[in-house]
Amino acid sequence: MIQAEARGGFAGLDACVHCGFCLQACPTFLATGDESDSPRGRIELMRALERGDLAATDPGLVFHLDRCLGCRACEPVCPSGVRYGQGLETARERLAETGGVPWLARAALWMLTAPGVSPLVYRFARLLRATGLPRLLAGWGRVRFAMGMLAATKGGERRGKAQKVSAPAFPRRSPPLPAFLFRGCVMQGLFPHVHDATIRTLQVNGYEVREVAGQVCCGALHAHAGLGDAARALARANIAAFGDGDEPIVVNSAGCGAFMKEYGGQFSARVRDVSELLAANGGPIPGAPLDLHVAYDPPCHLLHAQRVAGPPERLFAAIPLLRLVTVPGANDCCGSAGLFTLVEPAMSRTVLQPKLDRLRAAAPQVVATGNPGCVMQIGAGLAAHGIRAPVRHPVELLDDSYRAAGRYE
């Protein structure tokens, strides 16, 4: 997708035969019942844009494309294999070239991803989070929901950073297999504890995790906003930083992983979600029991975009006594979708609400999901509803299990 020309992006829509299988998979169509808020309807809008029947400044076109979450739940259910996500990003790039990107989205991108700026923003956010005020102020409304999102990022940070793995360090492989860690921007800024857990759990399972200098933001947020040139520049920087080897590049953010798997060439084949590496070769190694009821909420960009479903389940299966709670609609989008929760708050909360109602009824002790935006969105919603279950990355739970088993010094 990174290297696709504009027509190449729209060409992925040509297979659509208007069968309608996508309708019941689309969260915005289910919320509004409007055909133009469905993948089938938006494909017609994109085709009209390509033909020149609609201008890139057409208010209706912009309105309905902006309201798409980009969750790609329509792709797995499509019998024709329509590449909807590719077409959507091509269309949004056309819109951005003509009408620009809304100031709020640009400001968010600048704060979250710009070198020299984002580290300061994340440092301030961590300091504010440490005061406990975000947890106290969490609720509905733009500001209070944002406070809830920040509070949800705390995760297991307080558990420390014991990096050493007890002997035998690599019980399954000698020598250990190398893997490169992608740190990203939001993950590094607000979820470094998930990186620590990723490193430790991979070490237990026979990997030597290496750092890579020169890596940058993956570019997913830029592409979703229509800033294709910026996204491609970031992709080229990452391709250069990670080099031409064949070592796996481990990613613990579903959104980053989905986008990086579409860089193209050999690089894409190297990108692996952390759950994929942990589940490889008969893993992950079992840990100590954790007596927990956990609701797993698969991130859209892991389940629908990357088509990764089994590995997270094998991760949970490696934790004795942990029981997965069945929650209807767990595969449905939470409404986060990168910057969507910021720029389309009303639709975002509408999509989130059914998930919160079902989680309240299921009453899990922990909600687990493998994407930072989902952690923040679901965590903020739970806090606003007064539901006390924390939201954590699955690898954090495996890390806790390994710690309890004495695998760390």
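1. Arginine 272 is partly exposed, its relative accessible area being 29%. This is a predicted model, and within it arginine 272 forms a salt bridge with glutamate 276, with 3.8 Å between the closest N and O atoms. The structure holds 21 salt bridges.

2. A second pair to inspect is that of arginine 47 and glutamate 44, whose side chains meet in a salt bridge with an N to O distance of 3.0 Å. The two residues are separated by about one helical turn, because they stand three residues apart in helix H3. Arginine 47 is buried, at a relative accessible area of 16%, whereas glutamate 44, at 31% relative accessibility, counts as partly exposed.

3. Which parts of the chain does the salt bridge between arginine 232 and glutamate 93 tie together? The side chains of arginine 232 and glutamate 93 meet at 2.6 Å, N to O. Arginine 232 belongs to helix H14 (residues 228-242) and glutamate 93 to helix H6 (residues 84-99), so the pair ties together parts that are 139 residues apart in sequence. Both arginine 232 and glutamate 93 are buried.

4. Is methionine 46 buried or exposed? Its relative accessibility is 0%, so methionine 46 counts as buried. Beyond residues up to four places away in sequence, methionine 46 touches Phe10, Leu13, Leu65, Tyr84, Gly87, Leu88 and Ala91. One of these contacts, tyrosine 84, is 38 residues from methionine 46 in sequence and 10 Å from it in space, C-alpha to C-alpha.

5. The largest nonpolar core has 63 residues, of which Leu190, Phe191, Leu202, Val294, Phe316, Leu382 and Leu397 touch the most other members. Helix H22 (residues 372-384) gives the most to this core, contributing six residues. Apart from this core lies another, of 21 residues, including Ile43, Leu45, Val82 and Leu88. In soluble globular proteins, nonpolar side chains tend to be buried together.

6. Setting aside neighbours within four places in sequence, leucine 397 is in contact with Leu290, Leu292, Val294, Phe316, Ile319, Leu322, Val366, Ala368 and Arg392. Leucine 397 is also among the buried residues of H23.

7. How many residues of helix H23 (residues 394-404) are buried? Nine of the 11 are, and the helix is thus mostly covered. The buried residues are Pro394, Val395, Glu396, Leu397, Leu398, Asp399, Asp400, Ser401 and Tyr402. They pack against helices H12 (192-204), H17 (274-279) and H19 (310-317), and against strands E5 (293-296), E7 (366-368) and E8 (391-392). After H23 comes glycine 406, which has a positive phi, near 80°.

8. A search of the whole structure finds seven aromatic pairs. Phenylalanine 182 and phenylalanine 242 form a tilted pair, at 6.4 Å centre to centre and with 40° between the planes. Phenylalanine 182 lies in the loop between strand E1 (177-181) and helix H11 (186-190), and phenylalanine 242 lies in helix H14, so the pair ties together parts that are 60 residues apart in sequence. Phenylalanine 182 and phenylalanine 242 are both buried.

9. Tyrosine 263 and phenylalanine 267 form a stacked aromatic pair, at 5.1 Å centre to centre and with 20° between the planes. Tyrosine 263 and phenylalanine 267 are likewise buried. Ring pairs link Phe180, Phe182, Phe242, Phe259, Tyr263 and Phe267 into a cluster.

10. The last point concerns the surface. Leu133, Leu136 and Leu137 form a nonpolar patch there, and together they have about 300 Å² of accessible area. Leucine 133 is located in helix H9 (residues 133-137). With a relative accessible area of 41%, leucine 133 is partly exposed.

Methods:
Residues are numbered from 1 along each chain as its sequence is written. This is a predicted model: local features need pLDDT of at least 70, side-chain atom pairs count only at pLDDT 80 or more; totals for chains, interfaces and linings use all residues. Side-chain values use heavy atoms; hydrogens and water are left out. Buried means under 20% relative accessible area, exposed over 50%, partly exposed in between (1.4 Å probe, protein chains only). Contact means heavy atoms within 4.5 Å. A salt bridge is a side-chain nitrogen of Lys or Arg within 4 Å of a carboxyl oxygen of Asp or Glu. Helices (H or I, at least four residues) and strands (E, at least two) are DSSP runs, numbered from the N terminus. A nonpolar core is a set of buried Ala, Val, Leu, Ile, Met, Phe, Trp, Tyr and Cys residues joined through side-chain atoms within 4.5 Å. Patches are made of residues with over 30% relative accessible area and no salt bridge: like charges are joined within 9 Å, nonpolar side chains (Val, Leu, Ile, Met, Phe, Trp, Tyr) within 5 Å. Accessible areas come from the Shrake-Rupley method with a 1.4 Å probe; for residues, only the protein chains shown count as cover. Rings of Phe, Tyr and Trp (its six-membered ring) pair if their centres lie within 6.5 Å; planes under 30 degrees apart count as stacked, over 60 as edge-to-face and the rest as tilted.
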